[in-house]
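Please examine the sequence and structure before reading the worked solutions.

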Amino acid sequence: MGKNYLKPDYIFESSWEVCNKVGGIYTVLSSRAKTLQDEMKDHIIFIGPDCWKESESPYFKADSALFADWQWAAKEQGLKVKVGRWTVPGEPIAVLVDFTPYFEQKDEIYGWLWENYGVDSLHAYGDYDEASMFSYAAALVTESFYKHYLNSQQHVVYHANEWMCGLGALYINNKLPQIGSVFTTHATSIGRSIAGNMKPLYDYLFAYNGDQMAGELNMQSKHSIEKQTAWHVDCFTTVSDITAKECVELLDKPVDVVLPNGFDDSFVPKAAQFTRKRRAARRRLLEVANALLGEQLTDDTLIVSTSGRYEFRNKGIDVFVEAMNRLLRDRDLKKNVVAFIEVPGWVGEPRKDLQERLESGKQFDTPLEVPQVTHWLHNMSHDNVLSMLKYYDMHNRKEDRVKVIFLPCYLDGKDGILNMNYYDVVLGNDLCIYPSYYEPWGYTPLEAVAFKVPCITTDLAGFGLWANKVFGHYGELKDGVKVIHRTDYNYSEVADAIKDTVAAFSAMSQKEIDECRKKADALSKKALWRNFIEYYHEAYDIALRKAEKRK
């Protein structure tokens, strides 16, 4: 830790993904929690939305004795909160707040935001209102707790994640100037939107005007809150060098610190348990593939996968399918390949015919109809993955050496087919492939290497750039991570590079594979939170010093 850093006595951290597993930020916060909890024992308080109301949250354990007197006071003030622990390693304190009562004050709140910070909420739609009311509620929780227990003698930090928590950061900035504020954008809303709208992002980054693009892409309100928060907080941060460039060009504001995303290896099973879990994952993945395809694929089949959010172009799912299609005709491929696409789509239900086959325990020699998908979707005819497989006539025929299977659900252990959670599945892979076009950091490749699975990523992912920096050169398969150069326009070369890498992997000896796995594991150790937390200490210090000056 820095010699003269000011240390926070309390940190309040708000995010839509506290105790609410919807995306990568959940992993950032839940895996970092233990490191901060070890340092600050119960002085780090996470604030999330109460999405569960009467039903029980699988990620939260209520505790009526925690800050019991404040819980009572908060209730008296009209705050609807649940106080307890987030059920992740370190079990940090979490406060879930019901934000729905604030909808009726929405116009006043937005008016205040406009008058004080020039935030344009006029064009709001979709999740903007919901996120903003939660963010407002999170700030009220912090204010109430602060006034109940703390005073300006303590060093306090309020850390807001993503545009969704910007309103709360600005409220704290205005009403409690003695608190140091930190804002982290994990991806600029406008950058993600440019990429998602099939516009070239990188070659033209210098020429894009963020405000103008926000108007063109109907993103004025999200962009506005994000930009004003970046400008007004004490310390503005992002997660990688690649997103830092985006912030300069699209928000007209350089970041104060880059906070790379780490991992906590308490999620990774040790020694004998690891081997046992890896065997179980492979067995289950092959059982599902065999039942669906009517095959008898054996354990020497190469299991590869991609996963993450269903952003077809941004996450490189399109180029993954393209690469598997080219691999079908590759003479250098030495093994059969089963390629899983594990991204949550618009799931209807698990396939009954597949469930029956799996329960029967028998072997089958005929495929089920549509042998490319494990769950029925609501939009079978308009799904991007299925449409692309159909376009390329990839029907998982008996003679095909590469089979592609779409697993379109959250792997939470209760999907009805695989019934294993993601971390128990990922270690069954031989190789993971994440050819992202837009990826501020990239948790999926970091998780893969933490589970000793070599992976392919690109230099448009923050993690890929970081890996190159650690290696001192572009990552190769033998380093545990193959980093492919990706631009706005080289889709075809990327697909070829993936195809060639998988073919090369299929020809490796067991000794070479073991070495590759060892290198992947070694790289993941360098990305543990204990090595990355120092960047947070720097951010807290910047925020606290500015708050000190205001006192």
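**Exercise 1: the sheet**

Determine the strand order of the open sheet and the direction of its pairing.

Solution. Step 1: the open sheet consists of six strands, ordered β14-β11-β10-β15-β16-β17, and their pairing is parallel. Strands (E, at least two residues) and helices (H or I, at least four) are DSSP runs numbered from the N terminus, and two strands pair if DSSP finds at least two bridges between them. Step 2: β14 (402–406) and β17 (481–484) are the edge strands, each pairing on one side only. Step 3: on average, neighbouring strands of this sheet are turned by 25 degrees against each other, direction ignored; axes are lines fitted to C-alpha atoms, for helices over the stretch in contact, and angles run from 0 to 180 degrees between N-to-C directions.

The model is predicted: local features need pLDDT of at least 70 and side-chain atom pairs pLDDT 80 or more, whereas totals for chains, interfaces and linings use all residues. Residues are numbered from 1 along each chain as its sequence is written, and side-chain values use heavy atoms, leaving out hydrogens and water.

**Exercise 2: the cysteines**

Explain why Cys409 forms no disulfide.

Solution. Step 1: a search of the whole structure finds zero disulfides, a disulfide being a pair of cysteine sulfur atoms within 2.5 Å. Step 2: the closest cysteine sulfur to that of Cys409 belongs to Cys432 and is 16 Å away, therefore too far for a bond. Step 3: Cys409 counts as buried, at 9% relative accessibility (buried: under 20% relative accessible area; exposed: over 50%; partly exposed: in between; 1.4 Å probe, protein chains only).
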